[in-house]
Amino acid sequence: MIPRPRTSSGGTRSGEAGVGPDPGRGTRLRRVVGLLFLGLGIALALNPRRCIDFTVFRTAGVRWLAGTPLYRAEDGPMPFKYAPPVAVLLAPLALLPRGVGAVLWNAGSVLLLLLALARLPRIDPGPRDTDGSWAALALAGPIGTVLFYGQVDLWLLGLLVLAAAAVDARDGGGTALGLSVLTKPPAVLAGLFFLGRRRWRALAVAASVVVLACAVFALRVGVQSLVSEVAAWRGLVERSTLEWVTGPNPQGFPTLALEVAGWLGTRPTPETLALAQLTAVLFFGALVLALREDPGAAFRMTCLSVALCSPLAWRANFVLALPAVRRVVAAARAGDRLSRLVLTLVVLASVLTSGVLLDRTATERLLAFRPWGLLGFLLVVVEFSAPRIVPPVRGATSSG
């Protein structure tokens, strides 16, 4: 069992004499972590051979502004795989030079990471202020991967945290929730967290944001073009996903399920992939709802769900495990042996799959064992070994 840290009124663990740790230490460590990742992100963004996913995003924005198709055969192995309305959000990138946009993109990723670290105590009190920063360092491999490719996962993490923490905001956090769902469809599972907390306004605003993005897209290209683009997107995802999940990179639940089925003699097909993904959604959705009385645990499970339930999940997506790893850091510091083991494994996976110590072939061989997917399930086990913290649920008449 994970011991529950004693907390002071500020959410930090109290010492034996009743005096908590230096409150400024967490801020200082967070700034150091931010500067380290910011320096890395800018250096990678200035390299024209890096941030290739950012280039794909920028191209999508250019195409939408021009009113031309988003999904093209000539894009080869690096097509735009996001839903058509996402191009509306990416359109501002088309107005900037590629280098400037890449720098701002990675800088924004780091800013959203720091905002997530600062706001997490509002959702999940208990760990010290420094625990989130140590969790980010433990996940340096996935974070570095996000910055290397210029991916969207740190933006997604920040949006989910901002949405969950904005209980008293006028929109109840719904704007950030809607943007996160647009960014990646698995984020729709976050709606279960808001449902469990009875935050009806946030859910309504999130739905409105999604509808508005679709409407803006249609206003530029027409309703018929929107329908055609949705069909092209679905066809692209269906064609490319099955090949992806059988490679070394994917780490999500559907890939693990397909591998288990493969041991039993079942070959991956579009039908078995769809079944594996449906199983993942139902499984993690049930876990989030099962923990709904404990908002901290429910949110940690929500982030793990978004990271693990997609067949496209790979090591970069595991930046979303940061809330769960933050709690593991706190429990490991308190002496829990299972948490110390899990934290050690996270650090090892982060280092060994980063591509820094091992060459590409060795890294792919290691990734073929699905270390991040297995660690995700270990984090699920850790969650259900922890004591629950059950505050009163806010009613439907609250501002959230």
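Tutor: A salt bridge is a side-chain nitrogen of Lys or Arg within 4 Å of a carboxyl oxygen of Asp or Glu. The model here is predicted, and it holds 10 salt bridges.

Student: What makes Glu 74 and Arg 72 a salt bridge?

Tutor: Their side chains meet with N and O at 4.0 Å. The limit is within 4 Å of a carboxyl oxygen, so the pair counts.

Student: Are Glu 74 and Arg 72 buried, partly exposed or exposed, and how do you know that?

Tutor: Exposed means over 50% relative accessible area, and partly exposed lies between that and the 20% limit for buried. Glu 74 has 59%, so it is exposed. Arg 72 has 28% and is therefore partly exposed.

Student: How do you know that Arg 326 forms a salt bridge with Asp 124?

Tutor: The closest N and O atoms of Arg 326 and Asp 124 are 3.4 Å apart, which is set against the 4 Å cut-off. Arg 326 lies in helix α15, residues 322-333, and Asp 124 in the loop between α4 and α5, so the pair ties together parts that are 202 residues apart in sequence.

Student: Why are Arg 326 and Asp 124 called buried?

Tutor: Buried means under 20% relative accessible area. Arg 326 is at 2%, so it counts as buried. Asp 124, with 4%, is buried by that criterion too.

Student: What makes Arg 300 and Glu 383 a salt bridge, and which helices hold the two residues?

Tutor: The side chains of Arg 300 and Glu 383 meet at 2.7 Å, N to O, and the criterion asks for within 4 Å. Arg 300 is in helix α14 (residues 295-308) and Glu 383 in helix α18 (residues 371-385), 83 residues apart. Both Arg 300 and Glu 383 are buried.

Student: What makes Asp 124, Arg 300, Arg 326, Arg 327 and Glu 383 one network?

Tutor: Salt bridges that share partners join these five residues, Asp 124, Arg 300, Arg 326, Arg 327 and Glu 383.

Student: What stands out in the phi of Cys 51 and of Arg 198?

Tutor: Most residues other than glycine have a negative phi. Cys 51 has a positive value near 55°, and Arg 198 has a positive phi of about 60°. Cys 51 is in the loop between α1 and α2, while Arg 198 is in the loop between α9 and α10. Cys 51 is at 1% relative accessibility, so it counts as buried.

Student: Which residues make the nonpolar surface patch, and what gives the most to it?

Tutor: The patch, of about 810 Å², includes Leu 338, Leu 341, Val 351, Leu 357 and Val 381. Helix α16 (residues 337-352) gives the most, with seven residues. Leu 357 is placed in the loop between α16 and α17.

Student: How is the lining of the second largest pocket classed, and which residues lie nearest its centre?

Tutor: Its lining has 12 nonpolar, one polar and no charged residues. Leu 89, Leu 90, Trp 105, Trp 155 and Thr 183 lie nearest the centre. The elements that give two or more residues to the lining are α3, α7 and α8, and α3 gives the most, with three. About 290 Å³ of space lies in this pocket.

Terms used
Residues are numbered from 1 along each chain as its sequence is written. This is a predicted model: local features need pLDDT of at least 70, side-chain atom pairs count only at pLDDT 80 or more; totals for chains, interfaces and linings use all residues. Side-chain values use heavy atoms; hydrogens and water are left out. On a 1 Å grid over the protein atoms alone, a cavity is a set of points where a 1.4 Å probe fits but cannot get out, and a pocket is an open set with protein on both sides within 12 Å along at least five of seven lines; lining residues have an atom within 4 Å of a point. Grid points are joined across faces, edges and corners, and a volume is the space filled by probe spheres set on the points. Helices (H or I, at least four residues) and strands (E, at least two) are DSSP runs, numbered from the N terminus. Ala, Val, Leu, Ile, Met, Phe, Trp, Tyr, Cys and Pro count as nonpolar, Asp, Glu, Lys and Arg as charged, and the others, Gly among them, as polar. Patches are made of residues with over 30% relative accessible area and no salt bridge: like charges are joined within 9 Å, nonpolar side chains (Val, Leu, Ile, Met, Phe, Trp, Tyr) within 5 Å. Accessible areas come from the Shrake-Rupley method with a 1.4 Å probe; for residues, only the protein chains shown count as cover. Buried means under 20% relative accessible area, exposed over 50%, partly exposed in between (1.4 Å probe, protein chains only).
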